[in-house]
Amino acid sequence: MNKNRKKHSDFFKKLKNDYAENLILDTESFPDYARDASEINIKPDAIFFAKNENDIVDVLKKCCAENIPVVFRGAGTGYTGGAVPVSGGLVLSLEKLRKLEIDAENKIALCGPGVITIELMNEAKGHEMSYPPDPASYDESALGGNVAENAGGLHCKKYGVTKDYVIGLRAVTIEGEIINTGYFSNTDIFDLTSVLIGSEGLLAAVIEIAVRLIKIPDVGPTILVAYDKPEEAAAVVAEIIRLGIIPAVMEYMDDDAIDCSNRYEKSIDIKKAKAILLLETDGKNCISEAETIKNICQQHNPVSLIIESDPVLTENLWKIRRNLSKAVKASVKYKIAEDVCVPPSKLPELIKFVSALNAQFPIRVNSYGHAGDGNLHVNFLTDDKKDIENGLIGGGIKQLFKKTLELGGTLTGEHGIGLTKKDFLEMEFTSDTIDRMKDIKSVFDPNNLLNPGKMFSRKK
Ligand SMILES: Cc1cc2nc3c(=O)[nH]c(=O)nc-3n(C[C@H](O)[C@H](O)[C@H](O)COP(=O)(O)OP(=O)(O)OC[C@H]3O[C@@H](n4cnc5c(N)ncnc54)[C@H](O)[C@@H]3O)c2cc1C
């Protein structure tokens with residue numbers, strides 16, 4: 001056993017005296033806590049299931065005093081290895097903090113970080129309100145993870161992402177101090193809510209989240225249109241944007257992604273197509289906008305066009321998109337999922353690039369995403385682990401990132417940087433920008449104990 005592991009082991013044995021029930025030392029029995037939705041798997045030395053805020057304060061203070069690395073964890077659905085304990089130490093799970101209170105009068109919800117996204121959405125709906133950020137993982141991901149990754153979703157073009165709804169946070173630092181921001185402190189001087197959103201578990205544990213809710217809008221019909229050329233789908237998107245229509249949903253998927261979805265669960269019969277768009281309008285003009293979109297779709301020679309208002313049948317159309325991530329994963333042993341984002345006007349060029357990459361690359365590359373805001377999920381798919389180890393996939397990812405940046409885009413639409421993208425940071429940010437972000441990390445966590453080995457790790 002190396003010196004660090006021995007030190008960690010002694011520390012956790014001692015901690016077990018205080019937390020007999022919620023500290024797990026036999027981490028082999030909890031293999032899920034060594035990984036997230038990326039293909040990375042590293043065992044922690046211990047797992048702690050916090051039951052309340054006092055537990056978190058106490059355990060963080062003790063870890064800080066003994067220099068023990070800590071990795072926060074929500075539901076472990078992250079795609080970039082964010083919750084994977086690269087340096088061992090403690091995985092601190094926030095999943096049991098499940099407070100969920102709605103203040104209907106002020107249209108606010110107060111949530112624990114372990115609340116699953118769909119639970120907040122359903123609770124808000126019960127009060128005739130809506131919480132719009134809806135990652136495709138909404139039935140699994142936790143709100144703490146959504147905040148830490150600034151999760152987006154299918155409705156993000158029109159309604160924004162997590163940061164557009166969080167109005168305040170309570171968080172605990174590695175030293176066990178409690179920070180109250182926004183709603184929880186009445187007023188902000190520095191905007192610490194924004195600093196913490198998207199901080200990927202590097203700065204503090206988010207222990208309570210205040211979000212604003214909105215009125216449920218009227219919803220128009222769901223439109224599913226299929227084309228035998230991806231360029232036609234791209235042209236439809238461009239035309240809708242040109243007319244100034246912002247659909248509530250405008251999702252794109254390519255032929256390989258459609259095949260995966262069909263094999264996973266055939267919710268509807270659609271003709272073989274190279275590209276599909278799933279669209280929905282809402283708000284007071286939802287019917288007239290849907291009519292305009294239908295006309296645009298028809299002008300581009302669709303192989304099929306389905307317009308559906310019946311809630312049960314609509315759900316079948318939605319399933320094609322909602323299932324996609326799991327469907328693609330089920331089609332292969334290793335799915336390396338990237339999520340790049342370009343200005344929407346550049347999306348056709350990016351789609352063309354991915355299609356050309358797929359044609360010349362030795363393994364399958366497919367794509368789907370939120371067309372409205374230029375966010376494309378590009379998946380490198382293989383059954384052979386060697387393709388990851390020998391750098392083949394890494395090379396493809398680098399080509400994708402290079403093209404994305406040339407088009408004025410970003411390496412991460414919504415999945416964060418975590419472990420998988422940290423080596424590419426310099427491609428997008430200047431060294432001065434990275435240095436200032438490292439400084440912020442050092443202020444919150446001077447000894448680099450929170451999520452070490454991820455982006456911005458710098459020991460003083
Ligand atoms: C099928 C599928 C579909 C997906 N679709 C989308 C999508 O449409 N949009 C999207 O944005 N993402 C998507 N994702 C990615 C993922 O679901 C999101 O990033 C989600 O926000 C992660 O939440 P989580 O609770 O699982 O976080 P985890 O994976 O547990 O953790 C993610 C990061 O957040 C940190 N963290 C977690 N909780 C806290 C906390 N309370 N305080 C501080 N740090 C914390 C962790 O340390 C880690 O760095 C998808 C993933 C899957 C598997």
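Visitor: Which strands form the open sheet, and in what order?

Guide: Five strands form it, in the order E5-E6-E10-E8-E9, with antiparallel pairing. This is a predicted model, in which local features need pLDDT of at least 70 and side-chain atom pairs count only at pLDDT 80 or more, while totals for chains, interfaces and linings use all residues. Residues are numbered from 1 along each chain as its sequence is written, and side-chain values use heavy atoms, leaving out hydrogens and water.

Visitor: What makes E5 and E9 edge strands?

Guide: Strand E5 (100-103) and strand E9 (178-180) each pair on one side only. A strand here is a DSSP run of E with at least two residues, numbered from the N terminus.

Visitor: How do you know that E5 and E6 pair?

Guide: Two strands pair if DSSP finds at least two bridges between them. Four bridges join E5 to strand E6 (residues 108-111), therefore the two count as paired, and they run antiparallel. Within this pairing, Ile102 has Ala109 in E6 as its bridge partner.

Visitor: Which strands pair with E2, and in what sense?

Guide: Strand E1 (residues 23-24) pairs with E2 in the antiparallel sense over two bridges, and Ile24 has Ile47 as its partner in E2. Strand E4 (residues 90-93) is joined to E2 by four bridges and runs parallel to it, with Ser93 in E4 as the bridge partner of Phe49.

Visitor: Why are both faces of E2 called covered?

Guide: Buried means under 20% relative accessible area, with exposed over 50% and partly exposed in between, using a 1.4 Å probe and protein chains only. In strand E2 (residues 46-49), Ala46 and Phe48 on one side and Ile47 and Phe49 on the other are all buried, so both faces are covered.
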